[in-house]
Amino acid sequence: MNVLLIEDDLHITRFLTQGFMQEGYTVTQAGDGVDGLHYATTAHYDVIVLDLMLPKKGGLQVLAELRGMGHTTPVIILSAKHSVEERVLGLRSGADDYLVKPFAFSELLARCQILTRRSQSQAAPAHQLSYHDLTLDLLKHTLHRGGQPIPLNQREFMLMQLLLQHPEKVLSKTAILEQVWGYQFDPQTNVVDVLVCRLRGKVDKHFDLPLIHTIRGVGYVLKAEG
């Protein structure tokens, strides 16, 4: 599980980070709302633990902007605000759960695990491949990024499908040649470079965050980070 922890209390941050890491999870920390929103929208997380009283940008504003951009990552609010009205406001703002401070780490962990399982069970249909804000429909042969349609020819579609089937995994040129063309080419040929360049021009050109990256001397990878 990849956890994004948006919390400005250093004591709580250290406590939660240690707890999650002991469970084998990866934790990214953000000490204010601005950094938290940046991390939440530029990388993949299984769950976000969000404080409400944050410097620079409040937790509810972070949540509203995150949902407004179409991100569906499960969010659990962790806050000292405990009234019914405040809990309802948090849930109506787009949170999936709300846990009041002080709390037991075991309860937070259980809630995170439940949210993650629920999110996985509601994943894209079998005929769709999704990553970050990309969705490829294998039946309709369509690609959308951030809700915007991206026209692809057959080779571009096959390469996009291959990348989406192996997100954040580096694919060699040879692997791409075998999967997209279906038979052996000279590994020194530049057809893969040309195809990747063409696909990148369509997928990344009008977006701030590049998703298709070149790993020099190794291959290509689909990942939501620089």
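Visitor: Where is the place of lysine 56?
Guide: This is a predicted model, in which local features need pLDDT of at least 70, side-chain atom pairs count only at pLDDT 80 or more, and totals for chains, interfaces and linings use all residues. Residues are numbered from 1 along each chain as its sequence is written, and side-chain values use heavy atoms, with hydrogens and water left out. Helices (H or I, at least four residues) and strands (E, at least two) are DSSP runs numbered from the N terminus. In these terms, lysine 56 has its place in the loop between E3 and H3.

Visitor: Does lysine 56 count as buried or exposed?
Guide: Phi of lysine 56 is near 75°, a positive value in a residue other than glycine. Buried means under 20% relative accessible area, exposed over 50% and partly exposed in between (1.4 Å probe, protein chains only). Because its relative accessibility is 71%, lysine 56 counts as exposed.

Visitor: In which loop is histidine 132 found?
Guide: Histidine 132 also has a positive phi, near 50°. Its relative accessibility is 29%, so histidine 132 counts as partly exposed. The residue is found in the loop between E6 and E7.

Visitor: What is the order of the open sheet of four strands?
Guide: Two strands pair if DSSP finds at least two bridges between them. Four bridges join E7 (residues 134-137) to E8 (residues 142-145), and leucine 136 has leucine 143 in E8 as its bridge partner. Strands E6 (128-131) and E9 (148-149) each have a single partner strand, so they stand at the edges. The pairing is antiparallel, and the order is E6-E7-E8-E9.

Visitor: What is the order of the open sheet of five strands?
Guide: Strand E1 (residues 2-6) and E2 pair in the parallel sense over five bridges, with asparagine 2 opposite threonine 26 in E2. The pairing in this sheet is parallel, and the order is E2-E1-E3-E4-E5.

Visitor: At about what angle does helix H3 run to E4?
Guide: Axes are lines fitted to C-alpha atoms, for helices over the stretch in contact, and angles run from 0 to 180 degrees between N-to-C directions. Helix H3 (residues 59-68) lies across E1, E3 (47-50) and E4 (75-79), and its angle to E4 is about 170°.

Visitor: How do H7 and H8 stand to each other, roughly parallel or roughly perpendicular?
Guide: H7 (residues 173-181) and H8 (residues 191-203) pack with their axes 10 Å apart, at an angle of about 80°. Angles under 35 degrees count as roughly parallel, over 145 as roughly antiparallel, 65 to 115 as roughly perpendicular and the rest as oblique. The two helices are therefore roughly perpendicular.

Visitor: Near what value is omega for the peptide bond from lysine 101 to proline 102?
Guide: Proline 102 has its place in the loop between E5 and helix H5 (105-121). Most peptide bonds are trans. The bond from lysine 101 to proline 102 is cis, with omega near -5°.

Methods: Contact means heavy atoms within 4.5 Å.
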